[in-house]
Amino acid sequence: MPTSPATLTEARRLRDLFAAKGAQVIKADVLQSAGTLLDLYGEDIRARAYLTSDPLRGEMVLRPDFTVPVVQMHMEARADPARYTYSGKVFRKQEVDETRANEFVQVGYEVFDGANPAGADAEVFAAIAEGLAGLPVRAATGDIGVLMAAVRGLRTTDDRKAALMRHIWRPQRFRALLKRFGSGALPPARAALLAADDPFAQAGPEIGLRTRAEVQARIDALRADAAAPPIATEEIAVIDAILGLRETAPNVLSALRDIAVDMPAIGDAVAAMNARLEALSNHGVDVDSLEFEGSYGRTSLEYYDGFVFGFYAIDRPDQPPVASGGRYDALTARLGQGRAVPAVGGVIRPDLALGLR
């Protein structure tokens, strides 16, 4: 059971393991302000979280994970560097698979330290691996930062790059945008709108919240996009090559170095990956057999922007990950009013870990 006495005992063991590494034990309120999550992720979060209304505090949400409240706590404390651990329930809607738990315990280990990001990545990964020691699990890794760097390096408009960046965590939408920006073709309805001398001629009365000026600004932006040249086929091929990578980490690193010749914009991200693999090796991780997927982590909550990882039961591919985590530097900037602190963390589900023992 996700919250059985045995699960809680295992959760305490893991939390004590992380505390012994210098992490401060913290707690977070079960009820969180929904406004913060809605600002971060938009209305999509309503499909994944339990929301309710409080007469004094407004819209609230049952804690879907610990990362956001931990970041808020850290940014208020301004204690750098810092390490935290926690244990408690999180709540997730399950609209497809009723066998998956909608409330379960998470135990986490979070590191806020910008002195050596590669070392911090390796420290968190190794700590999570230690918590799962002896279990039949396999590790998968990726790096959202490589894809982000490739998007920023495209020779196209800033608006197009911003649109692609917004949808990195929505693979189908990202692919549709990339295809449209590469072909230059417009949907028929949009083509007709942009071809009209007066787009408002058949619009009827003004209703809704958008003003006429806002609609006109959107039409102007669509016209500017339609006039921009398509993204080069060669650049789209580079994006496809990155997303298609699935090999051991050293082999992927070699492939990325070759790709960087055609797209120098990913050079820093490739160098960061190299430093991370060296740090992982120093922590005793067998990097030669470590799996890496170019598209890994793109369906997680939308705050990972660098190294991402997960641990999966070898004989239970139907199960969610036993543990997962990654780097979320950009989230600290958004919650810290522009003051960014490099951060990386990971969580373990003790109920799933117990099921493998």
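**View 1. The crossing of helices α6 and α7 is left-handed.** Left-handed here means that the near helix is turned anticlockwise from the far one by less than a right angle. This is a predicted model, in which local features need pLDDT of at least 70, side-chain atom pairs count only at pLDDT 80 or more, and totals for chains, interfaces and linings use all residues. Residues are numbered from 1 along each chain as its sequence is written, and side-chain values use heavy atoms, with hydrogens and water left out. Helix α6 spans residues 158-166 and helix α7 residues 171-183. Helices (H or I, at least four residues) and strands (E, at least two) are DSSP runs, numbered from the N terminus. The two axes lie 9 Å apart, at an angle of about 160 degrees. Axes are lines fitted to C-alpha atoms, for helices over the stretch in contact; angles run from 0 to 180 degrees between N-to-C directions. α6 and α7 are therefore roughly antiparallel, a label for angles over 145 degrees. From α6, R160, A163 and L164 meet F174, L177, L178 and F181 of α7. Contact means heavy atoms within 4.5 Å. The contact residues divide into 6 nonpolar, no polar and 1 charged. Nonpolar covers Ala, Val, Leu, Ile, Met, Phe, Trp, Tyr, Cys and Pro; charged covers Asp, Glu, Lys and Arg; the others, Gly among them, are polar.

**View 2. Helices α5 and α10 are roughly antiparallel to each other.** α5 covers residues 144-152, and α10 covers residues 233-243. Their axes come within 10 Å and cross at roughly 180 degrees. V146, L147, A150 and V151 of α5 make the contact with I239, I242 and L243 of α10. The tally is 7 nonpolar, no polar and no charged.

**View 3. F18 and Y109 form a stacked aromatic pair.** The structure holds 12 aromatic pairs. Rings of Phe, Tyr and Trp (its six-membered ring) pair if their centres lie within 6.5 Å; planes under 30 degrees apart count as stacked, over 60 as edge-to-face and the rest as tilted. The ring centres of F18 and Y109 are 5.2 Å apart, with 25 degrees between the planes, so the pair is stacked. The pair links distant parts of the chain, 91 residues apart: F18 sits in helix α1 (residues 5-19), Y109 in strand β6 (residues 103-112). F18 is buried at 0% relative accessibility. Y109 is buried, with a relative accessible area of 0%. Buried means under 20% relative accessible area, exposed over 50%, partly exposed in between (1.4 Å probe, protein chains only).

**View 4. F66 and Y86 form a stacked pair.** The centres lie 4.3 Å apart, and the planes make 20 degrees. F66 is in the loop between β4 (58-62) and α3 (67-77), while Y86 is in strand β5 (residues 82-91), 20 residues apart. Both residues are buried.

**View 5. Ring pairs link five named residues into a cluster.** The members are Y84, F112, Y303, Y304 and Y328.

**View 6. D121 is a buried residue of helix α4.** The helix runs over residues 117-131. D121 has 3% relative accessibility. Not counting residues up to four places away in sequence, D121 touches R276, F307, R327 and V344.

**View 7. R212 is partly exposed in helix α9.** This helix spans residues 212-227. The relative accessible area of R212 is 41%. R212 touches F200 and E206, again not counting residues up to four places away in sequence.

How values were computed:
Angles under 35 degrees count as roughly parallel, over 145 as roughly antiparallel, 65 to 115 as roughly perpendicular and the rest as oblique.
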